Amino acid sequence: MADVNSAEPTLGGVKSEKELKKEAAKAAKLAKFQAKQEAAKQKKIDTDASGEKKPKKEKKERAVVTYDINTPAGEKKDTQCPMPDAYSPAYVEAAWYSWWEKEGFFKPEYNLKGRDAAKLSADEKFVMMIPPPNVTGSLHLGHALTTAVEDAITRWHRMNGKVALWVPGCDHAGIATQVVVEKKLAREEGKSRHDLGRKAFIDRIWDWKNQKGDRIYHQLRKIGGSYDWDRATFTMDEKCVKAVNEAFIRMHEKGIIYRANRLVNWSCTLNSAISDIEVDKEELPGRKLLAVPGYKEKVEFGVLISFAYKVEGSEEEIVVATTRIETMLGDTGVAVHPKDDRYKHLHGKSVIHPFADRKIPIIVDDFVEMDFGTGAVKITPAHDPTDYEVGLRHNLPFLTIIDDSGKICGDAGEFVGMKRFDARKAVLKRLEELGLYKGTQDNPMVVPICSRSKDIIEPIPKPQWYVACDEMAARAVQAVKSGELRIIPDTHTNTWYKWLNNSRDWCISRQLWWGHRIPAYFVEIKGKPKAESSDNQYWVSGRDHAEALQKAVEKFQVTADDITLTQDEDVLDTWFSSGLFPFSVFGWPDNTPDLQAYYPGTLLETGHDIIFFWVARMVMMGLTLMDKLPFKEVFLHAMIRDAHGRKMSKTLGNVIDPIDVINGISLEGLHKTLEGGNLDPKEITKAKAGQKDDYPQGIPECGTDALRFALCAYTAQGININLDVLRVQGYRFFCNKLWNATKFALGALGEGYTPPRTQELDGSESLMDKWVLSKLAKAVTLCQQGFTSYDFPSATTACYNFWLYELCDVYLESIKPVIYGTDEKVKSVTRATLYTCLDTALRLIHPFMPFVSEELYQRLPRRLPDLPPSLCVTPYPLPSQLDRMRDTSLEACVSHAFECVKTVRSMKATYQLPNKTKVEAWFCCHDDAVKERLESLSGFLITMTNASKVEIITDRSLVPAGCAMTTVDHSVEAHLMLKGIIDIEKELTQLGLKVNQISERQTRLEEVMKKPDYTVKVPPSVQADNTKKAEELCKEKGRLEEAIEKLKSMSLEK
């Protein structure tokens, strides 16, 4: 489509005898050019030798087209101005978002039209929460994927007339935010949070949040998210503080939340417990040195150290092994299997600890693997999750020998005060001196690392707050089993069951300052000994100090004067407040109009990696506090990886800001994004190298629409999405196709065009009009199916195929003779069809590409004057509106004709005939039915092949001498009149090769069909197919051999 798309590749000329002179002249020109090159090369050498250099010519950069018409924010963009020649994301995306937002298109009230939202049925509403991104910085491509998918879903529901509400928000991200601000404080002022004090430090975090927080909302707007910004919620807003306190108090009063002393994931650097999701598990195949915060030298991991304990009262010893030799300082047991004959004589005896004045009992437990190592296992209940359970079973002492800062403490003799990994070396050395060290060997292991501080996680017993999850988890499991809650894809249901059926109680307290402070108070009673802080009985919760005091008075039956209350210093796990998000955003615990209208929601969409940490907890909290599921469906999308399949990591340099894909960025610009963050100099160097490898030229400007479309199209990849950012550029070119096609179409419609009031057919449409409308109907059906089944790649593919292959490549090309012709009646029908295609296809693609679709739609004339002002709120095409236009037999007919077109184009390309060359063509059909079908599309064939004449025949003898021939398929041959302009010898060689290829296929097929057991083992349907295939090959070979004879006769005629 020369003036709609970029020009097609030249389809070719032929080296005839006549052109040999031209070839000789060409060779002479080439020789002359090479001589010039040599001269230039010599000149450069002479210039270099003389030291003189000519000034470099500056490269002319392509001018960026921008929208420069003065349009105040919130006012509608001017689309009466001429369209720029080419698509420009910067031009297209300007001004639309502020208008959409100001007009209230994104608010549920727009489609309510005065109705009471609380009285609407669930089917009349669509409600969804954003998975609130952390306030700590900027969004990455994973967030962009979430936004693209969720916005496409929301826009689709809104265009289908539903009252749509998509609530935006941000998470306070307790640990992550505190770490960022602490590092900033240390870097800029050389101070710690303790130097400032709790209140002043929290004020600093609020200052930082107010400076940085808007960046995330800016990015979400830039990506085109159609959020209701008036309902935006930050998880530390007053309404969330109220909801969190209320949830804690109610669950504490019911006994669901309780206090206990248990092992936690402890970060010595953060001085806090952290959740499992904040622990990175690094798999080591064997010995490896790892950098650990606070240590100058790297620390050895991935080895198994064996040492011996002396058995009390004998010279006998028992050998055990460990990957953490320093933990032997806290050993309180040695376990053997009850059936292990090697140790039966030691049952009930003890070993002597070499560094502490204590005996360690030898216990029997069937968790021990007799065949692993020596079959004897050291037990450190206070510093290992497995040993913790063993310690409980056998009532062993729990000795804490590593303190909060990671130093050795307690009953550890000479090692007390040492840093834990310094003690690792010191303990090993002393064991060697005592002759108890037995050896070291490589050992594959998983090292738990704090994702925030990069410190090695230390299991430490701590008094913490816990949520009892057994009953809540059972309800969440039952919700899925009963079908009340649907998880999509359903492959994730097994993960749901596995997590929840084996869930442990949830540790919800964090030793931080930033976050929701726990509304619990420790009770001390005058005249009574102070209880342990882990004693659940001595804690009360309250909305304020007065309420807590009253509860304590009633609980302990003493006067208020006899009670001292101390509020817990800790804050709640961020996931606790996030678990309340579906109803806290609407003002719960107050029974607000929003809560009545929009809870429960419709859908939760997020990445599959937080199915337990967030999704399951929202379900559990919703059922517990609201007695209703927070949503009916959960759609879990794949996780973004880079083009190499690697996890996104700042140290790899592959974490990309979506704005950099939208606007484009140079390599130098990418390097600058690494500065000012929390990477150390070595990590920055590594990250820059990664950026240079992946983006040597930087990232080209792709635009929002291309990025969104690519991300939605990529969701078919499964568990992970390997996203090549540069492939997004391909969809930018697709946007250019839309732009050029619409520009051409608007010209074809003409100035002042008024479309028919409906898209109904009047019976005068051409076959190509009917064909493109049939293809449009198919695309509408596929999009409907894609959205309803969350199969977004099907929907994006349907849009892409219709716009690119069916509208641009075929229909617009085929109607040019009509558009440029003089038959006004035919032209009018064609214009009506063209308008229907544009109007429907722009609405179809809008959820994926909101900006370019709105820009182009606003330039179209309207069928009726009172239609909605924006594509955002214009009805989405429905299959029922176009079903009657579907004609699969016509689609097959045109598809066959297009195969004929492609065959002719291929023949032209083979002989390098320019596309403008008019060549006579004959299509010889196998039977009259095929002939009839192609004759009905003869005009299409002439236009699309750019032929001077097309003849459709069944009698091959009517093909004149001098034609080249090839087969379209078994039913049609294509003949082009090439006599006098092609190299006949070359054509003969090519046809001979094709005959040989068919002969090889025939031989292979015959070998299969001649096998003795062929009729027994091969299904009858396959045998029938093979027989048919053999007949078709035979016929095709015969036609080719006949063509060879014709060319030979052409050669003799010369």
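Valine 1022 sits in helix α35, which spans residues 1020–1053. Helices here are DSSP runs of H or I with at least four residues, strands are E runs of at least two, and both are numbered from the N terminus. This is a predicted model, in which local features need pLDDT of at least 70, side-chain atom pairs count only at pLDDT 80 or more, and totals for chains, interfaces and linings use all residues. Residues are numbered from 1 along each chain as its sequence is written, and side-chain values use heavy atoms, without hydrogens or water.

Valine 1022 is partly exposed, with a relative accessible area of 34%. Buried means under 20% relative accessible area, exposed over 50%, and partly exposed in between (1.4 Å probe, protein chains only). From the C-alpha atom of valine 1022 to that of lysine 310 is 76 Å. Along the chain, these two residues are 712 apart.

**Confidence.** The pLDDT, the predictor's confidence in each residue from 0 to 100, averages 90 over the protein. At least 70 is reached by 92% of the residues. Residues 1–60 are below 50, and this stretch has 56 contacts in the model beyond near neighbours in sequence. Contact means heavy atoms within 4.5 Å. Where pLDDT is low, the predicted coordinates should not be read in detail.

**Overall build.** The protein has 35 helices and 33 strands. Its C-alpha atoms fill a box of roughly 120 × 85 × 75 Å along the principal axes. Of its 1054 residues, 52% are buried. Helix α22 (residues 704–714) is mostly covered, with 11 of its 11 residues buried. Among them are Thr704, Asp705, Arg708 and Tyr714.

**Cores.** A nonpolar core is a set of buried Ala, Val, Leu, Ile, Met, Phe, Trp, Tyr and Cys residues joined through side-chain atoms within 4.5 Å.

| Core | Residues in core | Named members |
|---|---|---|
| Largest | 240 residues | Trp496, Phe576 and Phe923, with the most contacts inside it |
| Second, separate | 40 residues | Including Tyr258, Val264, Leu346 and Leu428 |

Leaving aside neighbours within four places in sequence, phenylalanine 923 touches several residues, including Cys900, Leu934, Val950 and Ala974.
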